Amino acid sequence: MATILYARVSTSDQTVSHQKTQAEQAGFKLDWVIDDEGVSGVSVPLKDRPGGKRLFDKLRAGDTLVVRWVDRLGRNYEDVTANIREFMNMGVTIKTVINNMTFDGATDDPMQKAIRDAMIAFMAANAQAQAEAQKLAAKAGHEHRKAMGDDAYKGRKPSFTTPQIDQIVAKVGEGVGVNEIARQVGLSKFAVSRVKSDTAGAYAKAQRWGI
């Protein structure tokens with residue numbers, strides 16, 4: 001029986017190591033860490049993420065799945081609740097780092113099941129509501145700055161430059177792995193993955209900033 005941490009990282013100010021440290025400080029002894037870096041949590045279902053696919057392949061009955069919060073396990077209410085139920089049906093126990101919540105399929109008592117399922121539904125709905133509120137707030141801020149003529153409307157300044165994108169494209173074509181490219185180019189693995197997954201967008205962002 002293994003204890004597996006699933007860490008989704010969607011912004012540059014988040015790290016897998018931070019989520020791992022949080023889990024370990026909460027008392028979890030981790031056997032494996034599976035991560036998804038640079039993947040949107042609100043647009044990509046868990047099963048369509050590279051790390052999400054590995055997670056479903058890796059988990060076995062009796063394993064414990066650790067996540068920072070239930071929002072890591074799907075893009076919206078339906079995705080989160082469906083995935084948690086599927087994991088429980090597989091015999092997997094889900095534990096959260098925040099508030100130390102536990103969800104499993106051990107009980108046969110209908111009242112306990114109802115309470116458990118209601119808690120899962122509430123947490124998943126709350127996570128989606130928070131994500132949507134943050135998205136609307138960010139959009140409103142973006143429009144305000146754009147109207148005020150602030151350069152911030154261009155978005156966050158990228159950590160990469162056009163020459164670095166050129167290098168990444170060349171290295172990917174040579175079959176070099178993301179970690180090695182990051183070391184050679186002097187960028188984070190997250191930045192290289194973003195450029196690799198959306199090269200055209202990376203060029204456009206660098207062009208907007210003139211770098």
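This is a predicted model: local features need pLDDT of at least 70, side-chain atom pairs count only at pLDDT 80 or more; totals for chains, interfaces and linings use all residues.
Student: Anything to settle before we start?

Tutor: Local features need pLDDT of at least 70 and side-chain atom pairs count only at pLDDT 80 or more, while totals for chains, interfaces and linings use all residues. Residues are numbered from 1 along each chain as its sequence is written, and side-chain values use heavy atoms, with hydrogens and water left out.

Student: How do helix 5 and helix 6 pack?

Tutor: Two packed helices are described by the angle between their axes and the distance between the axes. Axes are lines fitted to C-alpha atoms, for helices over the stretch in contact, and angles run from 0 to 180 degrees between N-to-C directions. Here helix 5 (residues 162-173) and helix 6 (residues 178-185) pack at about 145°, axes 10 Å apart. Helices (H or I, at least four residues) and strands (E, at least two) are DSSP runs, numbered from the N terminus. Contact (heavy atoms within 4.5 Å) involves, among them, Ile168 of helix 5 and Ile181 of helix 6.

Student: Which residues of helix 1 are buried?

Tutor: Buried means under 20% relative accessible area (1.4 Å probe, protein chains only). In helix 1 (residues 16-25), that's Val16, Gln19 and Ala23. They sit on the same side of helix 1 because they cover an arc of only 70° around the axis, taken from the directions from the helix axis to the C-beta atoms.

Student: And what is the strand order in the sheet?

Tutor: Strands pair if DSSP finds at least two bridges between them. Five strands form an open, mixed sheet, ordered 2-1-3-4-5, with strand 2 and strand 5 (102-103) at the edges.

Definitions and conventions
Buried means under 20% relative accessible area, exposed over 50%, partly exposed in between (1.4 Å probe, protein chains only).
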